[in-house]
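Below is a short briefing on one protein chain. Look through the sequence and the model before reading the points that follow.

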Amino acid sequence: SLRTGITGDNAAKLAKSIQSIQGGTLETSLNTISTFENLSRAAGVAPKLVLDDVAESTELFAKFAKDGGENLAKAAIEARKLGLNLSAVDKISESILDFESSIEKQMEASVLLGRQLNLDKARQLALEGDLEGVLAEVKNQVGGTEALNRMNVVQRKALADAVGLEVSELSKLAAGQENVNKLTNGQMLSLGKTFAITAGIVTVLSGAVAFLVSM
C-alpha cells in the first residue's frame, strides 16, 4: 500500500482473482501484483491506477485473464495512456464479439465514412484474450485526431457505435499518444513528496527493526 497506493481491500481482491486463474500461494499472487506494478512504472503509468483498475474488473478478469492476468495489466496500462480504463476495453470487446450486431454496425459506419472499416483482426485478438492488441487494432481502424476532426456528428456516432464506445471515449482513443496522461509540474512535485515520505517511513522502520535486532 505504501509503495503503490492500492488499498488492502483491492490488493486482496486482486490476489484472489490471480489465484483463481493460476492457482499457487498468496505469496505467488503478491509477486504477480509486483510484476504488474513494475510494468506500470516502466510504462510511466501510476501503478495505483492500473492495480485498482484490474482489481475492480473482476468479470473482465474472469473472461479474459491469461498468465495470471498479466495480459489485463498490460491492457490497463495502454488504456490509461489513452485516458481510458478497462471498462472501456470491456465495452469494445463485448461489442465486437457480438458478431452479428458488430458486423452490421461496421458496415453502416463504412458506408457513412466512405472507407472500409475492418474489425476482423480486433475480434480475433479479443477471442485470444489479447486486449492490449485489441486497443491497438481498434485505434488503428479509428485513425487519429485529424481524421476524427474531419468527420461530422453522424459519422462520429456511427464509428463510436461500431467499436462499442461513447464519442467522448472515441476521441481519447483517436488522440492516442497525443492524449497520454502527462503529469503536470504540480503533480510531479506531489509525487516526489509522496516518494520522499514513503522513503522516510521505510528508513524509520528499518532503523527500528535494526535497533530491536541488536538488543
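In which helix does A160 lie? A160 is in helix α11, which covers residues 153-163. The model shown here is predicted. The protein has 13 helices and 0 strands, and 39% of its 215 residues count as buried.

**Overall make-up**
- Read from the N terminus, the order of elements is α-α-α-α-α-α-α-α-α-α-α-α-α.
- Taking contacts between residues at least 6 apart in sequence, 65% join residues at least 24 apart.

**The surroundings of A160**
- A160 has a relative accessible area of 1%, so it is buried.
- Leaving aside residues up to four places away in sequence, A160 touches L165, E166, V167 and L170.
- I92 is 68 residues away from A160 along the chain, and the C-alpha atoms of the two are separated by 9.7 Å.

**Salt bridges around E37**
- The count of salt bridges comes to 12.
- One of them joins the side chains of R3 and E37, with 2.8 Å from N to O.
- R3 lies in the segment before α1 (8-22) and E37 in helix α2 (residues 26-42), so this pair ties together parts that are 34 residues apart in sequence.
- R3 is exposed, at 51% relative accessible area, whereas E37 counts as buried, at 3% relative accessibility.
- E37 also meets R41 in a salt bridge, with 3.0 Å from N to O.
- R41 and E37 are 4 residues apart in helix α2, so about one helical turn separates them.
- R41 counts as partly exposed, at 34% relative accessibility.
- Together, R3, E37 and R41 are linked in a network of salt bridges.

**The salt bridge between K63 and E94**
- K63 forms a salt bridge with E94, and the closest N and O atoms are 2.6 Å apart.
- Because K63 lies in helix α4 (residues 58-64) and E94 in helix α6 (residues 86-96), the pair ties together parts that are 31 residues apart in sequence.
- K63 is partly exposed, with 36% relative accessibility, and E94 is partly exposed, with 43%.

**A negative patch on the surface**
- Which residues gather in a patch of negative charge on the surface? They are D98, E100, E104 and E108.
- E108 has its place in helix α7, which covers residues 99-113.
- The relative accessible area of E108 is 46%, so this residue is partly exposed.

Definitions and conventions:
Residues are numbered from 1 along each chain as its sequence is written. This is a predicted model: local features need pLDDT of at least 70, side-chain atom pairs count only at pLDDT 80 or more; totals for chains, interfaces and linings use all residues. Side-chain values use heavy atoms; hydrogens and water are left out. Patches are made of residues with over 30% relative accessible area and no salt bridge: like charges are joined within 9 Å, nonpolar side chains (Val, Leu, Ile, Met, Phe, Trp, Tyr) within 5 Å. Accessible areas come from the Shrake-Rupley method with a 1.4 Å probe; for residues, only the protein chains shown count as cover. A salt bridge is a side-chain nitrogen of Lys or Arg within 4 Å of a carboxyl oxygen of Asp or Glu. Lys and Arg count as positive and Asp and Glu as negative; His and the chain ends are not counted. The place of a charge is taken as NZ of Lys, CZ of Arg, CG of Asp or CD of Glu. Helices (H or I, at least four residues) and strands (E, at least two) are DSSP runs, numbered from the N terminus. Buried means under 20% relative accessible area, exposed over 50%, partly exposed in between (1.4 Å probe, protein chains only). Contact means heavy atoms within 4.5 Å.
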